[in-house]
Amino acid sequence: MNKDRLRQFGYMMNSAMAKLFYGRNGLDSLAWTCNMAALLLLVINIFAKSAVVYFIWIALFGYSLFRVYSRNIPKRYAENQKFLHVTEAPRKFLRLVPLQWRDRKVSRYYICRSCHQQIRVPRGKGRIEIRCPKCGERFIKKT
Ligand SMILES: [Zn+2]
């Protein structure tokens, strides 16, 4: 296939995708999370072979498809925002794990419990009072 044909093919694929998702909600965070959870269950069930896991997989996968192809965008948007709000703290915590590991010898990371700001403190200072630079909340942690 020469370059022009390839470009034409790419354009056709793009417009086909655009047509498919026109007026649809598309893949938002909630749909993506359900999809990933479903994929994880699928892998687990290779070993577990459980009917219950299979039904949860169908439910999650079905729900993620329902979200992607839904035409009620405002409602799906509101649900997604609610999902993002509810999962904000655990998502921030998960994002800290690789940082915590990378800097494990020099610093520690904490999440402010009132504003969820990420705070980095030097390691090995004993019990110290940490003041959140964003909201001023104070808390005591062992470093
Ligand atoms: Zn704070």
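First, the ground rules. This is a predicted model: local features need pLDDT of at least 70, side-chain atom pairs count only at pLDDT 80 or more, and totals for chains, interfaces and linings use all residues. Residues are numbered from 1 along each chain, as its sequence is written. Helices (H or I, at least four residues) and strands (E, at least two) are DSSP runs, numbered from the N terminus.

Now the helix pair. Helix α2 covers residues 29-48, and helix α3 covers residues 51-69. Their axes come within 8 Å and cross at roughly 155 degrees. Axes here are lines fitted to C-alpha atoms, for helices over the stretch in contact, with angles from 0 to 180 degrees between N-to-C directions. So α2 is roughly antiparallel to α3, a label for angles over 145 degrees.

Who makes the contact? On the α2 side, the residues include Leu30, Cys34, Leu41 and Ala48. On the α3 side, Val53, Trp57, Phe61 and Arg67 are among them. Contact means C-beta atoms, placed from the backbone, within 7 Å. The residues divide into 17 nonpolar, three polar and one charged. Nonpolar is Ala, Val, Leu, Ile, Met, Phe, Trp, Tyr, Cys and Pro; charged is Asp, Glu, Lys and Arg; the others, Gly among them, are polar.

Next, the backbone. Most residues other than glycine have a negative phi. Lys49 is not a glycine, yet has a positive phi of about 50 degrees. Lys49 sits in the loop between α2 and α3. Lys49 is exposed, with 9 other C-beta atoms within 10 Å. The cut-offs: 20 or more other C-beta atoms within 10 Å is buried, 12 or fewer is exposed, and in between is partly exposed, with C-beta atoms placed from the backbone.

His116 also has a positive phi, near 65 degrees. Its loop runs between β1 (107-111) and β2 (118-122). His116 is partly exposed, with 15 other C-beta atoms within 10 Å.

Last, the layout. The chain is divided into domain 1 (24-86) and domain 2 (89-142), with bounds from an automatic or database domain assignment. Their centres, taken over C-alpha atoms, are separated by 31 Å. Back in helix α2 we find Trp32. Trp32 is partly exposed, with 14 other C-beta atoms within 10 Å. From Trp32 to Lys105 is 73 residues along the chain, and 34 Å between C-alpha atoms.

Technical notes:
Parallel < 35°, antiparallel > 145°, perpendicular 65-115°, else oblique. Contact = placed C-beta atoms within 7 Å.
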